[in-house]
Amino acid sequence: MTTTPIEIDTGVQPEPLLSDLSRPGAPGHRLPVLDVPDVDDLGGQVLRTDLPLPEIGELDVIRHFTHLAQRNFSIDSVFYPLGSCTMKYNPRINEDVARLPGIAHVHPLQPDETVQGALRIMFELQQLLAEITGFSATTLQPAAGAQGELAGMLMMRAYHLARGDTARHKVLVPDSAHGTNPATAAMCGFASVPIASDASGNVDLEHLRSELDETVVGLMLTNPSTLGLFEQRLPEVIEAVHAAGGLVYGDGANLNAILGVVKPADVGFDCLHINVHKTFSTPHGSGGPGAGPVVVNAKLEPFLPVPVVTRRPDGQFALDFHRPNSIGRLKGFHGHFGILARALTYIRIHGADGLRTLSETAVLNANYLRVLLSDAFDLAYPRACMHEFVLSARRQKLEHGVKTLDIAKRLLDFGIHPPTIYFPLIVDEAIMIEPTESESRATLDHFAAVMRQIARECEESPDVVRAAPREQVVSRLDEVTAARRPILRW
Amino acid sequence: MPSFTQLTPDDRQEMLRTIGVDRVEQLFDDVPAEARFPTLHLPPALTELEVGRYMADLAALNVSVKDWPCFIGGGAYNHYSPAAVGHIMGQPQFYTAYTPYQPEVSQGTLQASFEFQSLVCNLLGLEVANDSVYDGASAVGEAVLMAQRITRRDRVVLAGGVHPQWREVVRSYLAARDVELLTSSVSITAGGLVEQRVSELLDDRTACVVVQQPDVFGHVRDLNGLAEAVHARGALFIVTVADPTSLGILKSPGCWGADIATAEGQPLGLPLQFGGPWAGLMACRMEHVRQLPGRISGQTTDHEGRRGFVLTLQAREQHIRREKATSNICTSQTLLAIGITAYLSLMGPLGLREVARQSHAKAVYAAEAIAALDGCAILTPRPFYNEFLVQTPLETAELRHRLVERRILAGVPLFAGVDGFETSLLLAFTEQNMRAEIDDLVRALAGALR
């Protein structure tokens, strides 16, 4: 026996990598004995000689992942006022539904007569999403919000081309938009043109008008915006784009504020993607999966991706692939069905009144926090907000040398996930707060008290804030070296 | 009050007072009055008890692969997933966590992603991998765009043996670009499947050549020399895999000389879920890492010198680079990637090799029996992995329907409307197909074709 001293477990030792846990010869998962003749017809030409995978017993695999899970914040453990991410509670009934054998264990290429329930789930969701947003048709295929944007912009492109309108190549994107908007425009071969925001946080209508001409594909508009503000001159903005022959794409990232409050189609949007993993409570899964259905008006309906679920005259549900003007297919099979089934469950639990109350509560919670924090930090735009609002730590930075990043890290010490920071890009030292409808008043009050205490710390003991976090398994990490000398695998 | 909010009526009143309004409706004054508070025509709200029953009733209208024997492949495979995989993915601190933008409180996710990337590299035989894209189909789309960025060329060559849906995705992803898409032809002749050589389509404008291994008909191709031919023209070689359990025994894409490799991750422990969510695996050579789309986790140290992980090389991504990003992708499939990492850890090399060996042996056993049926001929050349195409005397949809009457799930609708494929049936096998159910399939086919 060696006598190397064993360190006390303080919970902050690194968790070994799977490769470190591997012990050659450790028994892995066992299959039944092969019950047909073994075959040896694969020549050495196509066979591999090595298979470097870890060898670890099941208990140690479970412990490893349990230890990793314990190193995460999650909605189930802490408050996540993460702006534009809508970190609401993920009801457990969604998970039970998604694990039903008739939902979890159905092959996407089964004959239609064996998947009538799955097709009906999709059909109902298509209809409910269209009704909630006021549009006439839905595609459930996009895998996430950004793929929904791609679907929407490819449909807008197809619409213009189908009309022989071939000169359009400019996509207008407000400067407060998510990065996915200009990136999507680029993927569609379009030039993305930033549009300024005015002093109230609205689209600068004069600037918009100056960019509108016969080369404009359309406007990608997030409403409520990433500033948490409802566009105050929305009808004028949309009319101006339409008058120039452009279409208006709605980025539905912030739909959680307006369920039952306004139908985007009613105010003139031509299409909209819906992040069901935000608005309709499907879990974020440490960064994915999501799902990004797109709802469209009659102008864009012919161009929907394939397939679309239809109801035949005999009442049977079917997948419709015969759509000659379709933009085609964006991913394999029919979309993230497991996520879509969760979304339908959530919508059915709420009904119309429930959805409206949900949005009203999200907006109430956000405005409450806005008022509680408006003297401790600068409000980026001092007006009533929707489901989120943006603070600026410019005062803390200027007067005390404490940056937004420091404030975010200090929140970790209080067991609170920081808000979204440094976004939108147009707000200096931005702190974007979205409490969602899920949280209790006690949680909101506690968060406000912590934020106010941190604001005091910025004045009285800024080093404490700058040294945060103190209580996590690691302190601040060296991101510069990570990018300069990348270690991306073991 | 709806479910899942926690404010009491008193809370609401006091909060409104704090804000300085009387009614919550006043917070929506910026919404155009004529469109404010529309009626939503939705079915009435259900309680949890009711919605649970409602969804269970809909689920019960489906036949699950747990109910009937399943011989459907075509890009999704009914392999066994050890019980522990689902439990690991079901850890709330994984599935209710957000994207790891705050690394100090996301070390679990970031380390799992780093481990996933390492396993993907080892499986695909390449140097660097991302933390997944949406699925196998979109992974091919992203790989083609990546090759186009690297080579700045305007022709893409797809093998006709690439999954037809994946080829459709490539077409959609390229729709707005001035790129010519060439596909090698595949036809059925008296002697079986005949595919034009992709190398015939190569020229000095070619950005990349994409082949699937095994191909969509199950054939394990000898790709020897192809990478050299592609590279000699200055193009990139992309190899994609529909069922990566095959990599338990088959040469990796890297071994075949691939510059970029992609795969559908579903067969590695993920439930079928009627098509998703799954995960697209994507790896490349290190020299191309700055053109690789998607999230990447990297190892670094904290202020005290402890090992830790962060999202890195973010200058490729849309939230930093906006219109100059490598892709618009934002969401990854992290939870599924964690599931795949758990699956590969639990199976180990011996387990994965056994899955591959058994899936292959069962397909060969079935093929030999089916080849003996009247009017049936195996079209896929040997060797195949776990899937093959059969020529039958009956139209595909009708045959699939007759098999449903015999409580068997088989065949795919992927080749409907393709000349020459009207009566072909694609069958797939996994370690879950016991000999008795394969014998049932053969009997059912004989009966259905009678």
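**Note on the cavities of a predicted model**

1. The model is predicted, so local features need pLDDT of at least 70 and side-chain atom pairs count only at pLDDT 80 or more, while totals for chains, interfaces and linings use all residues. Residues are numbered from 1 along each chain as its sequence is written, chains are lettered from A in the order in which they are written, and side-chain values use heavy atoms, without hydrogens and water.

2. A cavity here is a set of points, on a 1 Å grid over the protein atoms alone, where a 1.4 Å probe fits but cannot get out; lining residues have an atom within 4 Å of a point. A volume is the space filled by probe spheres set on the points.

3. The largest cavity is about 90 Å³. It has 13 lining residues, and A:Pro14, A:Arg71, A:Val474, B:Gln107 and B:Arg307 are the closest to its centre. In chain B, helix H5 (107-124) and strand S12 (307-311) each give two or more residues to this lining, and S12(B) gives the most, three. By class the lining has five nonpolar, four polar and four charged residues.

4. The second largest cavity comes to about 80 Å³. Its lining also numbers 13 residues, with A:Pro174, A:Ser176, A:Val203, A:Leu221 and A:Ser225 closest to the centre. This lining splits into five nonpolar, seven polar and one charged.

Notes: On a 1 Å grid over the protein atoms alone, a cavity is a set of points where a 1.4 Å probe fits but cannot get out, and a pocket is an open set with protein on both sides within 12 Å along at least five of seven lines; lining residues have an atom within 4 Å of a point. Helices (H or I, at least four residues) and strands (E, at least two) are DSSP runs, numbered from the N terminus. Ala, Val, Leu, Ile, Met, Phe, Trp, Tyr, Cys and Pro count as nonpolar, Asp, Glu, Lys and Arg as charged, and the others, Gly among them, as polar.
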